[in-house]
Amino acid sequence: MTVTQDLSFITLITNASVLVQLVMALLLAVSVMSWTYIFRKMFAIRSARSQTEDFERAFWSGGNLSTLYQDATSNRRKGAGKTGALERIFQAGMDEFNKVKASIGHKGGSDNAPLLEGARRAMRAAYQREMDALESHLAFLASVGSVSPYVGLFGTVWGIMNAFRGLANVQQATLAAVAPGIAEALIATAIGLFAAIPAVVAYNRFSHDVDRLAIRFESFIEEFSNILQRQAH
């Protein structure tokens with residue numbers, strides 16, 4: 001019973017060296033931040049996917065572009081949460097298309113190339129902004145997944161070194177003497193893996209979801225550009 005108490009999780013942490021405790025605290029803080037970003041990103045991507053599907057359904061239902069544009073503008077004024085990423089890309093393209101069209105109309109020009117180029121550039125710029133927002137914090141998850149095991153291993157190596165150094169003051173080295181120190185050190189690796197594994201799984205999943213959304217956005221930009229080209233003639 002005494003050995004079990006001495007090797008309990010809390011006891012091993014409190015008895016660890018200061019450096020190993022600092023490594024554990026760092027890894028726990030990183031793990032908390034990682035889980036925070038995981039849940040935030042999960043809800044953000046789920047919302048972006050749902051809003052994209054809703055707008056695609058409305059767009060390809062054959063509705064009037066002007067009506068969709070007015071609805072998008074109205075939703076944008078209500079707040080960023082009221083509009084989806086694809087809807088904002090659509091609005092950016094329509095904004096630029098209408099501005100350039102009005103400018104050409106005032107000048108009496110007949111060249112439609114600026115109409116399409118302006119709308120396409122506006123949509124690409126909006127696309128980049130939306131992708132930056134969707135990809136935010138993914139680099140942090142990737143860093144946690146790749147670095148945390150090594151940080152934990154550093155704490156483990158340092159703890160094991162201290163455990164064996166302590167044997168220098170013992171006349172007879174036994175497993176009971178060295179086991180607590182090694183167990184304390186191995187906790188650092190365990191915490192490092194606890195922080196790294198969810199981060200790696202989440203990063204791979206979110207990267208896949210963001211890539212699929214990016215393909216949908218790019219396909220919409222190309223298809224909508226073709227629609228604008230037909231309207232410009």
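1. Where in the chain is H137 found? H137 sits in the loop between α6 and α7. Its phi is near 75 degrees, a positive value in a residue other than glycine. H137 counts as partly exposed because its relative accessible area is 32%; the class lies between buried, under 20%, and exposed, over 50%, with a 1.4 Å probe and protein chains only.

2. On the basis of the model: this is a predicted structure, in which local features need pLDDT of at least 70 and side-chain atom pairs count only at pLDDT 80 or more, while totals for chains, interfaces and linings use all residues. Residues are numbered from 1 along each chain as its sequence is written, and side-chain values use heavy atoms, with hydrogens and water left out.

3. The chain has 8 helices and 0 strands, so the order from the N terminus is α-α-α-α-α-α-α-α (DSSP runs, numbered from the N terminus: helices are H or I of at least four residues, strands E of at least two).

4. Of the 233 residues, 37% count as buried. The chain exposes about 13,400 Å², and carbon and sulfur atoms supply 59% of that area (Shrake-Rupley method, 1.4 Å probe; for residues, only the protein chains shown count as cover). Among contacts in the chain with a separation of 6 or more, 80% come from residues 24 or more positions apart (contact: heavy atoms within 4.5 Å).

5. The largest nonpolar core has 44 residues, of which F59, F90, L141, F217 and F224 touch the most other members. A core here is a set of buried Ala, Val, Leu, Ile, Met, Phe, Trp, Tyr and Cys residues joined through side-chain atoms within 4.5 Å. At least two residues of this core come from each of α3 (18-59), α4 (65-78), α5 (85-107), α6 (113-135), α7 (138-166) and α8 (175-232). Helix α8 gives the most, with 13 residues. In soluble globular proteins, nonpolar side chains tend to be buried together.

6. Not counting residues up to four places away in sequence, F224 touches F59, L65, F90, M94 and M123. There is also a second, separate core of 9 residues, with L12, V23, M24 and I187 among them.

7. The count of aromatic pairs comes to 12. Rings of Phe, Tyr and Trp (its six-membered ring) pair if their centres lie within 6.5 Å; planes under 30 degrees apart count as stacked, over 60 as edge-to-face and the rest as tilted. One of the pairs is F55 with F220, edge-to-face at 5.9 Å centre to centre and 70 degrees between the planes. This pair links distant parts of the chain, with F55 in helix α3 and F220 in helix α8, 165 residues apart. Both F55 and F220 are buried. Ring pairs link F55, F59, W60, F90, F220 and F224 into a cluster.

8. D209 lies in helix α8. D209 counts as buried because its relative accessibility is 10%. Leaving aside residues up to four places away in sequence, D209 touches I45 and R49.

9. On the surface, Y150, L153, F154, V157, W158 and M161 form a nonpolar patch with about 610 Å² of accessible area together. Patch members have over 30% relative accessible area and no salt bridge; nonpolar side chains (Val, Leu, Ile, Met, Phe, Trp, Tyr) are joined within 5 Å, like charges within 9 Å. A salt bridge is a side-chain nitrogen of Lys or Arg within 4 Å of a carboxyl oxygen of Asp or Glu. Y150 is in helix α7, and Y150 counts as exposed because its relative accessibility is 61%.
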